[in-house]
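Here's a quick look at some charged pairs and the packing behind them. Have the model open as you read.

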Amino acid sequence: MLPNDVIMYVENLIPESPQFVKEIEQYAQEHEVPIMEKIGIEVLLLLLSMQKPTKIFEIGTAIGYSAIRMALQLPQTQIISVEMDEERFEVAQQNIKHLGLENRIITYLGDALTIADEIEKHGPFDAMFIDATKAKYKKFYDLYEPMLSKTGMIYTDNVLFKGTVARDRSELSTRRQRTLVRKLDEYNKMLSTLEGYETTFIPVGDGIAVTRRK
């Protein structure tokens, strides 16, 4: 992970976001809603701009921040997104509607592991963005990887989880934390050895894994 002074330096070089995007960022900070860190979202948007996906499937809408950023960056792209927290889902709906993006960002309320039949109707997807419950990352992959197009790519956020995946798990304070980090570590190792795929781990933000077919 980058030192804080380097992070601040790079963040100061990032062009200013539109006003409503800044308001979403402020809301997230005030209400402790986890959204992608500034450098992380910029890297993701750059990669997506190069890939130019027609359809993106996002697991973890939260308040709509990343879906909105992707939609604004990629005006020809449709985004299908699922969120299981009802309160955050409602805020996301409001944010998406405020920007007039409801025809391009289609949101579902529910557990991504139980509504695959609904999601599949929108596929295949050129990109999948996983940014939800970290302990379920492998389950998300197993369920939705078959819905990728032949040139589809998978972007996974929080794969370094503030560096905990690289540390001794005995240092973690709770069993739940140790289990979460173990499952995340297993997911990362699975990505690194997937047959027919190659994965690059980018240590920006909270860590982004980029997986593509060979």
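E186 is partly exposed, at 42% relative accessibility, and R182 is also partly exposed, at 31%; the label covers what falls between buried (under 20% relative accessible area) and exposed (over 50%), using a 1.4 Å probe and protein chains only. This is a predicted model, where local features need pLDDT of at least 70 and side-chain atom pairs count only at pLDDT 80 or more, while totals for chains, interfaces and linings use all residues. Residues are numbered from 1 along each chain as its sequence is written, and side-chain values use heavy atoms, leaving out hydrogens and water.

E186 and R182 sit 4 residues apart in helix 8 (residues 175-192), about one turn of the helix. Helices (H or I, at least four residues) and strands (E, at least two) are DSSP runs numbered from the N terminus. The two side chains form a salt bridge, meaning a Lys or Arg side-chain nitrogen within 4 Å of an Asp or Glu carboxyl oxygen. That rule gives 9 salt bridges, including these:

| Pair | Closest N to O |
|---|---|
| R212 and E198 | 2.7 Å |
| E16 and K22 | 2.3 Å |

R212 is in strand 7 and E198 in strand 6 (residues 197-202), so their bridge ties together parts 14 residues apart in sequence.

Now for the inside. The largest nonpolar core has 34 residues, with L44, L48 and I56 among those making the most contacts inside it; such a core is a set of buried Ala, Val, Leu, Ile, Met, Phe, Trp, Tyr and Cys residues joined through side-chain atoms within 4.5 Å. Helix 3 gives the most to this core, 7 residues.
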